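I opened my notebook to look through one protein model. I will write down each thing I look up, entry by entry.

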Amino acid sequence: MAPSRTKLADVQSWPIDLAAALGLAEGGTEVSPFWVSGAFSHIARLWPLILLAKLCTFGLLHIPFYRSDDVAHAAILAAMLLIDGVTMVAPRGARFQQQRPHVQKWMMLALVFLSSLTFSLLLGPPMFTGALSTSLAGEIAIALLAVCMFGDRRLLSVSYFVGTLVVSLIQQAPFAQVGLLISCIAIMLIAALRQAKADRDRAIALHQQDLRAQRSDRLLQEYEQSGQGWFWETDRQGCLSYISETLVRTLDGVPQGGMIGRRLTDLIGNGDHQHDTGERTVGFHLSARTGFSEITVRAAMTQDDRWWSISGQPVFNEFGQFHGFRGSGADLTAMRRSQAEVQQLAQFDSLTGLANRVQMLRSLEEAAAGSRGERASECTLMMLDLDRFKSVNDTLGHPAGDALLRQVSQRLLDVVGSRGLVGRQGGDEFKILLPGHHDRQAIEQMARTIIVSLSRPYSIEGTVVVIGASIGISACPQDGVTADALIRNADLALYAAKGDGRGIHRFYSSEMHANAEDRRQLEEDLRHALASDALYLVYQPVVSSTTERITGYEALLRWNHPVRGAISPAVFIPIAEESGLIGPLGEWVLRTACRDAAQWIEDIRVAVNVSPIQFASPGLPSLVMSALAASQLAPERLELEITESVFLNDDDGTDATFARLKSLGVRLALDDFGTGYSSLGYLKKSPFDKIKIDQSFVRGAVVESSRNGAIIKAIVNLAEALGMDTTAEGAETQDELALIRNLGCSHIQGYVYGRPLEMQEVLERQRIHGTVALTEGFQSSRPERKTMLRTVNVHHDGHVYTGRIRNISATGALLEGLWNVPEGTLFAIEFSDTLTVNAIAQWAQDDRTGVEFTGTLDLSALRAQPRALAS
């Protein structure tokens, strides 16, 4: 069994431990303590000589072995023979050698001491008078013989002499005899102490040297066996004296050891790569006896075409005589094949076979460069992004997503044909480069054809999948004369197409760049507003439909820009989500809402919207618990409103967050119910307390031909069956309020109960009216309106503003995004490039403005325009 080892982090940094150096205690080095116990078995083999010398001494001193009248003498003799027998046998046994080295040392010290002790007792008291006795001479003779046998193990010699000294003291030997023994013990003890450190240091040095040699051999063997490289060595004539077996096994028709004695150059074929480039060959370096490094050569004795990299150095002895070469080699075949594949893949996308990003960029640079020459050429760049592709990946998996991308690529090739170059930018983004001049109408027609083609259903693994596409277009030279400018501007146009509802195309215009810069400036202003506490909350009442009392308020975030005035949350919330500000912004809203609600009438709840990005953070439950603790608000008074989009990345983390939030005691509400997908599945698996019916179902519900009322009733019945409350959002008129009550909604929220109030106004209203809800708004609903959300451009006094139109009717609509518009303001609303309608502001509340068209709008003409519904 291998000797056990003791450990210490650094041998040089620890002081010498005397007991460890003597082998009497657990050591502190990383060296195998063979120097402590390595000689014990050899001493045991020589110990019969000690026993023989003892017996001879008995004969020379005429000491009988057996006395019939002396039982003690017989017992001591038996003990001596037993102890010496154990000393001869035990150190060579497996059980003894399995003990730790210092334990072996103590056992040997005990055996040697007892051996000396029993021998001295058998010799008896001094036989002759005088300063020294004959028995002492015999004892010292045997002791010196043992000392010679012990060698460097001087501590064993000390133990043996101590046994003799103990007997001398017991027998009251003369002072000279005792002094002599003490002197011998002192000298040997000093020698043992001095030798201990030397033994220990020498053992450490030898052990470390051995470890380095073993490590080097092991690393070389592992390197050879891994197949990553091999080693070779030649004699003076250039014949191989060593070569790795891993290389020999790859050679054709060469038995094991068959390369020894053959020339190294026999392994190298005629196609020396370095020779082709004018550099010196391996044969030249071997002849010139000069070192060489990483020379690429073709293998000569392999079945397939293989390439190696060979390095070597000449070997000289201490007298400068040449002994041969020694070196290493590595197989370059896989690398060269990979390089060939890389060169192939450098031009094309591996998944779709389309031109990749590098080829598209180079082609675009070449096309754009011509526009600056004397013979200016034109080109058009389309940036295309797939809509709803992520949901396919999430629901069907990435292999299905890859299959979908291949089908999309084929459809793009079918539409574009030979007119341009189609490439994949990465992910679900594609580029189309159309060199030369192209009419704008032809480009539009191609973009529409692409969108229609990509929107047709796909069959993926037996599942029908429907996606869409948005396209941004830039042209050279009018939109830029460099590849970077064209890509940037096409990307801005794509961003505008996605912002206008997806599934459409947009050409780049200078306003888009201004909008991008405006968005960047808004992001900076939002960061400053958050840091300077320039944001504030307003609270919209949530009223019980049965008691007509306020049961809670929904916290709504507001931002009054110092220059631009009030900015709609629909504008700055997406900016916060894209820029990473939604985390600190959401935390501020949560803490502020909890602090304000703690001052309200008891049992009045506060509802706080939680962004999907905020919900995905593992720290959300801890944040909620911290906000509740800081405000001393009861958990059941806090209601978190969560949209269905949190389930897009449905995983164990989502379920764990729901469980942790419910364990805190807060209420959970599913916001904008019915506007997403798979809502019933969410209700089945998630612990919601309330369903909020989106205002798109409330608007127009009182119209006889509308199905919204039936949808609301179905949602109410579903919620009641699941034991959940319902809140109908967006109630603005008295007839809508009455209908919602009749349909059984438990709570109602909307402008019919007044505009949202700031904190002080909420406290003042509670002081005067308590929880009684006060109704406001029109008596009846306005004419039939289309419940769509559409981004439009609003022209007024030479300025262009961006707003959102909802609830469009033939005579008017609700315009959002423009704050505090004066009544009677006249402006033009641009629905598309070909449809613009004049309108007059009839009323305004915050960012919501009721507008009346100066003429009748043909809704069928509106539906015929390119689709622009917001996602």
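**Entry 1: the whole protein**

How many helices and strands are there in the protein? I found 30 helices and 27 strands. I note that this is a predicted model.

Next I looked up burial. The protein has 871 residues, and 47% of them count as buried. The accessible surface comes to about 42,800 Å². Carbon and sulfur atoms hold 55% of that surface.

I also looked up contacts. Taking contacts with a separation of 6 or more, I found that 63% join residues 24 or more positions apart.

**Entry 2: aromatic rings**

I went on to the rings. A pair of aromatic rings is described by the distance of the centres and the angle of the planes. The count comes to 10 aromatic pairs. One of them is W230 with W308, and this pair is edge-to-face. The centres are 5.4 Å apart, and the planes make an angle of 70°. The cut-off for edge-to-face is over 60 degrees, so 70° qualifies.

Where in the chain do W230 and W308 lie? W230 is in strand β1, residues 230-234. W308 is in strand β4, residues 307-316.

Are W230 and W308 buried or exposed? W230 has 4% relative accessibility, and W308 has a relative accessible area of 2%. Buried means under 20%, so W230 counts as buried, and so does W308.

I also noted an aromatic cluster. Its members are W232, F292, F316, F322 and F325.

**Entry 3: charges over rings**

Which rings have a charged end sitting over them? I noted F507, with the charged end of R440 placed 3.9 Å from the ring centre. I also noted Y751, where the charged end of R848 lies 4.7 Å from the ring centre.

**Entry 4: a serine in a helix**

I picked S159 next. S159 lies in helix α8, residues 154-170. Its relative accessible area is 10%, under the 20% cut-off, so S159 is buried. What does S159 touch, leaving out residues up to four places away in sequence? I found L109, V112 and F113.

**Entry 5: a nonpolar patch**

L55, F65, Y66 and L81 make a nonpolar surface patch of about 390 Å². L55 belongs to helix α3, residues 40-60.

Technical notes:
Residues numbered from 1 in each chain as written. Predicted model: local features only at pLDDT ≥ 70, side-chain atom pairs only at ≥ 80, totals over all residues. Heavy atoms only, no water. Patch = residues over 30% accessible without salt bridge, like charges linked within 9 Å, V, L, I, M, F, W, Y side chains within 5 Å. Areas by Shrake-Rupley, 256 points an atom, 1.4 Å probe, with all protein chains shown as cover. Salt bridge = Lys/Arg side-chain N within 4 Å of Asp/Glu carboxyl O. Helix = DSSP H or I, 4+ residues; strand = E, 2+ residues; numbered from the N terminus. Buried < 20%, exposed > 50% of the residue type's maximum accessible area, 1.4 Å probe, protein only. Contact = heavy atoms within 4.5 Å. Phe/Tyr/Trp six-rings, centres within 6.5 Å; stacked < 30°, edge-to-face > 60°. Lys NZ or Arg CZ within 6 Å of the ring centre and 35° of its normal.
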